[in-house]
Amino acid sequence: MTRAARRRLLVAAAGLLVLGVAGGVLYAVQSPEQVAAPAHVAACETPMSRMPPTVGGQRSRGVSVAEGTDPRDVREWGDPAIIATCGWPALGPTSDQCLDVDGVDWVAQELSDGVRFTTFGRDPAIEVLVPDAYAPAPLLLPAFNDAAKALPGNNRTCS
């Protein structure tokens, strides 16, 4: 990652902190026992095969999913878990913060104990839940770029 890209991510992380303080909390990062994803989507097979073996220095680990969730569409790293799921409906227009990370757009939503990032302009979408323990959370997003770039695009962009 270039120095300029890293600087942009740090600025985005600071913006998320301000958003969290100013805007309150939306949701909590789910514990691994509660991880749920939509029904398996064939378009997620390639992206999920491109998930990184480590994220933020944390190794991939076994997944504990909710009943009815296909474990092929869920990955976890570390403890507390960084959780990635695939198969979510594409996001529509939003006023939430949107970040361009090396050519992949991500919508950020501050949670009570972390941040939810959802790919923007991809259908289906990948959602990444990052607990506060891994702040600044946007610095983890480049690890997911190969997977996100494997999703079909829908011509939406952050700007």
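The accessible surface of the protein comes to about 7,800 Å², and carbon and sulfur atoms account for 51% of that area. The model is predicted. Of the 159 residues in the protein, 42% are buried. Among contacts with a separation of 6 or more, 66% are between residues 24 or more positions apart.

**Fold and sheet**

- The protein has three helices and eight strands.
- Along the sequence, these elements follow the pattern α-α-β-β-β-β-β-β-β-β-α.
- The eight strands form an open sheet with antiparallel pairing, in the order E1-E2-E3-E4-E8-E7-E6-E5.
- The edges of this sheet are strand E1 (54–55) and E5; each has a single partner strand, so one side of each is left without a neighbour in the sheet.
- Strand E3 (residues 74–77) pairs with E4 in the antiparallel sense, over four bridges.
- Val74 has Thr85 in E4 as its bridge partner.

**Disulfide Cys44–Cys86**

- The structure holds two disulfides, and with bonded cysteines counted along the chain their pattern is 1-2, 3-4.
- One of the disulfides joins Cys44 to Cys86, with an S to S distance of 2.1 Å.
- Cys44 lies in the loop between helix H1 (3–23) and helix H2 (45–49), while Cys86 lies in strand E4 (residues 82–88), so the pair ties together parts that are 42 residues apart in sequence.
- The torsion about the S-S bond of Cys44 and Cys86 is about -80°, so this disulfide is left-handed.
- Cys44 has a relative accessible area of 0% and is buried.
- Cys86 is also buried, with a relative accessible area of 0%; the cut-off for buried is under 20%.

**Disulfide Cys98–Cys158**

- Cys98 and Cys158 form a disulfide in which the sulfur atoms are 1.9 Å apart.
- This pair links distant parts of the chain, 60 residues apart: Cys98 is in strand E5 (residues 97–101) and Cys158 is in the segment after helix H3 (145–149).
- The S-S torsion of Cys98 and Cys158 is about -65°, so the disulfide is left-handed.
- Cys98 is partly exposed, at a relative accessible area of 25%.
- Cys158 is partly exposed as well, at 28% relative accessible area.

- Glu127 lies in strand E8 (residues 125–131).
- The relative accessibility of Glu127 is 11%, so Glu127 counts as buried.
- Not counting residues up to four places away in sequence, Glu127 touches Ile83, Ala84, Thr85, Trp88, Arg116, Phe117 and Thr118.
- One of these contacts, Thr85, is the bridge partner of Val74 in E4.

**Cis peptide bonds**

- Asp79 and Pro80 are joined by a cis peptide bond, with omega about 10°.
- Pro80 lies in the loop between E3 and E4, and those two strands pair in the antiparallel sense.
- A cis peptide bond also joins Asp123 and Pro124, with omega about 5°.
- Pro124 is in the loop between strand E7 (114–120) and E8; the latter strand holds Glu127.

- Asp102 is not a glycine, although its phi is positive at about 50°.
- Asp102 sits in the loop between E5 and strand E6 (104–111).
- With a relative accessible area of 36%, Asp102 is partly exposed.
- Asn155, a residue other than glycine, has a positive phi near 70°.
- Asn155 is in the segment after H3, where Cys158 is also found.
- The relative accessibility of Asn155 is 82%, so Asn155 counts as exposed; the cut-off for exposed is over 50%.

Note on methods
Residues are numbered from 1 along each chain as its sequence is written. This is a predicted model: local features need pLDDT of at least 70, side-chain atom pairs count only at pLDDT 80 or more; totals for chains, interfaces and linings use all residues. Side-chain values use heavy atoms; hydrogens and water are left out. Buried means under 20% relative accessible area, exposed over 50%, partly exposed in between (1.4 Å probe, protein chains only). Contact means heavy atoms within 4.5 Å. A disulfide is a pair of cysteine sulfur atoms within 2.5 Å. Two strands pair if DSSP finds at least two bridges between them. Accessible areas come from the Shrake-Rupley method with a 1.4 Å probe; for residues, only the protein chains shown count as cover.
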